[in-house]
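Please look at the sequence and the structure before reading on.

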Amino acid sequence: MIRSKRGETDPYRKQLKSDCESLLGRFQKTESVRFQVFSEIWRESNFTHIFYGAVKHEKRAFSRRVLDLAYSYFLPPLTFQIRVGGLYLLYSLYRCQTASPPEQIRVALKDWDEVKKFEKDAADAQHLDAVYILRQLRFLKAFHFTAMPTLLAYKKKRKTEKSDLSEEFVERASRPQELINGDLLEELSNIHELYEKMKTSVSLPSEKSVNMIHRSFVPQLRGSVLDFHKWQQNKDETDLDEDCGEGTSSQQECSNRAGLIASIKSKAYGEAAEASKSRRHRQVEVDPTSNESGPSNAPGRSRKTKPSFKARTKEKFHFSGDQLKASSSTTMISHLTSLDPVAAENVKYFKRFPSK
Amino acid sequence: MAASGGSTTSNTNIPEYEYSDVNTKPFHIGGFRSEWLSRLTPEDYSYQPEEEDTFDANFAKEHGVSAETMAELKSVCSIDSLRCHPEDEQPDPEVVPPNPTLQTLIERKKKQDYKASRKITKNRHDLYANELERLTYGMKPEAVDDILPEGEVILTVNVYYPASYDKFNYVRPHMTLLMTGSHSLAEFRDAICCVSDLQVCGEFSNTPNIAPDFISKDHYKSAFFYFEGVFYNDMRYPECQDISMTTIEWAKSHNFPSYSQAKMEDTRFMDLNVKVGFPYLYCHQGDCEHLVIITDVRLTHKNDCLDKELYPLLTHKHRVATQKCSVCHIFIGRWFTTNDEFAPSHPCLFCDKCFRTLHYNEDGYKLGDFLAYPYVDRGAFN
């Protein structure tokens, strides 16, 4: 295992991901699945250079990483076009790698059926270059037929390293349409007819107990699926229209986050001065005041700072009037923090967000 | 295409993640192999390269492609279309190209500049990590019988340091072995080299020459592997005892699920039901325990080392710094002495030559008063 000093297993992960995604993004924009288009984008961005400059012993590890990354773009649930792009990317990286001996492309058993399905879909749609490239890879014996896509050594990663698929690349869910397709509807309506005929032949039409199903359920089903499809399309369009709207909401999110960071920072700096043991009880007093000063210190940012622990406890545990005073005056903290009876009253404890 | 309930039947021979990117659920290695072989054509995993013309002809026939379209396809998809520079103007691949636009290259340049500025000595672990693999890559045997059969399964197993070592026990595997599916666990055991096997217990100042006869490997031959609830014991020699019995009996008395036993020499890797990426145990010498993780299972490939005789193949060995003799500082220490009037420190490490020249005269008689113990350095297998 090659590691840098800090124990990083994947030093170029972010950059590789962004490079591959920008390439695939450009490919997606062309709305084509031709290898010619892909190779043009490859040449324009001089992507072969991605291997250059690696020191001798790094070459194999780097090849391994980049091939594993590209492999993830070849599998569902990404859109067909992105998967074709992933295939082209795999092919190009495999041919252009500088590692010697060359690293192979690892295909896991669980993914092989998907690969075959992809090949069939491409062949049916007459995308000969995609099929040719896939066959070429098999001809070149570029695949390692493995159990899992990567080597596993029981490494439990921190959550921040979870790989998430870029949303533009992911195939839209189309399960309702896949399930209720034309053939199924035809069959259903045939069976429905037969059933109706049998029912009328067996019993009188006035008998209500036999009417268990909707008369026109097949057209209804078809109608619902079409509605769903239309709604999906409309949602897409409105999403695009609301880009400006979404822009401001994401701005708000940014300002929320900024406010949160500001409050954390102000708390941290508020407690930074370590009081000596004898006066440590006074440190707690800093909190409420720093909370109040937090928003005022950052006037340009949103006021959505996190309420203090006391405020949150108050929110959760609803004390009624007298109980509130009694509860707050008998706790250890209130005893410690009250300098003298006069000062204690001056310190205001108020809920940041009134409970609803 | 329609979800007609086919996905509800889970095939236990197809490996799936138990925890994503950490380890898989248990599966049968032999079953896994048959699953792959049933899905592939023999050409996919054969070692012989296919003829390009046959490939083109087959492709054209299968998809009803004319000769011109075929030629066009070939030229479009050839490696020439990926060439970013004309043939005679290729930039040096060993250097990061100037004015990089790709983020990876920018990052690489940054790292290289930083490293150059710090003047760190080269990291030998990284430099030689692939050395063993490079030596055996693509080796083909002379005799045809010794060639690894096509469609054979290769497992990559990491063996880790025993928990008694302070540094690096979780991080770097001690050694990485490539095993084939037809190897037995006993062969695997023989391939694992642990320094505790060479330890000699006892004081040998009076009889230094017979020390090598007493290595622990010969005395304590028992060992076991633990995979998925089964203890595989080594019962090849009459001295071997079943050391897993203690654990099994303890487990029974404490309401653990019951474990079973099997023989190491009768079990091949192909018969095992294991998880990939999950730690298992190898225990020998009674208390020297190593973690064993199977990191990869795959079919053979034409670029692998195809000589059966070379397997189990060591592809990675971690090197440990060794302690040298306190006299010559050249050879690794083999003896250490206590209560030694000749030695500068207590205890003191000597290599074999220095030890004998210092403590024994030409006839082999012991000089002076001391206690000597054979010492096995951790890096003895470097």
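In this predicted model, B:Lys111 and B:Glu107 share helix 5 (residues 103-118) of chain B, where they stand four residues apart, about one turn of the helix. Their side chains form a salt bridge, with an N to O distance of 3.9 Å. Side chains of opposite charge can pair when their charged atoms come close. The two partners may be described by their accessibility. B:Lys111 is partly exposed, because its relative accessibility is 29%. B:Glu107, at 15% relative accessibility, counts as buried, because buried means under 20%.

Which residue pairs with B:Asp234 at 2.5 Å? The partner is B:Arg189, and the value refers to the closest N and O atoms of this salt bridge. B:Asp234 belongs to the loop between strand 7 (230-233) and helix 10 (245-253) of chain B, whereas B:Arg189 belongs to helix 8 (residues 185-191) of chain B; the pair therefore ties together parts that are 45 residues apart in sequence. Both B:Asp234 and B:Arg189 are buried; for B:Asp234 the relative accessibility is 0%. B:Asp234 also forms a salt bridge with B:Arg236, in which the closest N and O atoms are 2.9 Å apart. B:Arg236 is partly exposed, with a relative accessible area of 28%.

The following table lists salt bridges described in this report.

| Salt bridge | N to O distance |
|---|---|
| B:Lys111 and B:Glu107 | 3.9 Å |
| B:Asp234 and B:Arg189 | 2.5 Å |
| B:Arg236 and B:Asp234 | 2.9 Å |
| B:Glu62 and A:Arg135 | 2.7 Å |

Over all chains, a search of the whole structure finds 31 salt bridges. In chain A, a network of salt bridges links A:Arg60, A:Arg64, A:Asp68 and A:Glu103.

Is B:Asp377 buried or exposed? With a relative accessibility of 3%, B:Asp377 counts as buried. The side chain of B:Asp377 reaches the backbone nitrogen of B:Gln323 at 2.9 Å. Leaving aside residues up to four places away in sequence, B:Asp377 touches B:Val195, B:Ala321, B:Thr322, B:Gln323 and B:Ile332.

Chain A may now be described as a whole. This chain contains 15 helices and two strands. Of its 356 residues, 37% are buried. Among the contacts in chain A with a separation of 6 or more, 74% join residues 24 or more positions apart. The chain exposes about 21,900 Å², and carbon and sulfur atoms supply 55% of this area.

The final topic is the interface between the two chains. The contact involves 75 residues from chain A and 85 residues from chain B. About 7,100 Å² of area is buried between chain A and chain B, with carbon and sulfur atoms giving 61% of it. How many salt bridges cross this interface? The rule finds five between chain A and chain B. In one salt bridge, the side chains of B:Glu62 and A:Arg135 meet at 2.7 Å, N to O. There are also 25 residue pairs in polar contact between chain A and chain B, counted with both residues at pLDDT 80 or more. On the side of chain A that touches chain B, helix 6 (residues 128-139) of chain A gives the most, with nine residues. By class, this side of chain A has 39 nonpolar, 17 polar and 19 charged residues.

Notes:
Residues are numbered from 1 along each chain as its sequence is written. Chains are lettered from A and ligands numbered from 1 in the order in which they are written. This is a predicted model: local features need pLDDT of at least 70, side-chain atom pairs count only at pLDDT 80 or more; totals for chains, interfaces and linings use all residues. Side-chain values use heavy atoms; hydrogens and water are left out. Buried means under 20% relative accessible area, exposed over 50%, partly exposed in between (1.4 Å probe, protein chains only). Contact means heavy atoms within 4.5 Å. Accessible areas come from the Shrake-Rupley method with a 1.4 Å probe; for residues, only the protein chains shown count as cover. Buried area is the accessible area (1.4 Å probe) that two parts lose on being put together, summed over both. A salt bridge is a side-chain nitrogen of Lys or Arg within 4 Å of a carboxyl oxygen of Asp or Glu. A polar contact is a pair of N or O atoms within 3.5 Å; within protein, one must be able to donate a hydrogen and the other to accept it, and residues adjacent in sequence count only if both atoms are side-chain atoms. Ala, Val, Leu, Ile, Met, Phe, Trp, Tyr, Cys and Pro count as nonpolar, Asp, Glu, Lys and Arg as charged, and the others, Gly among them, as polar.
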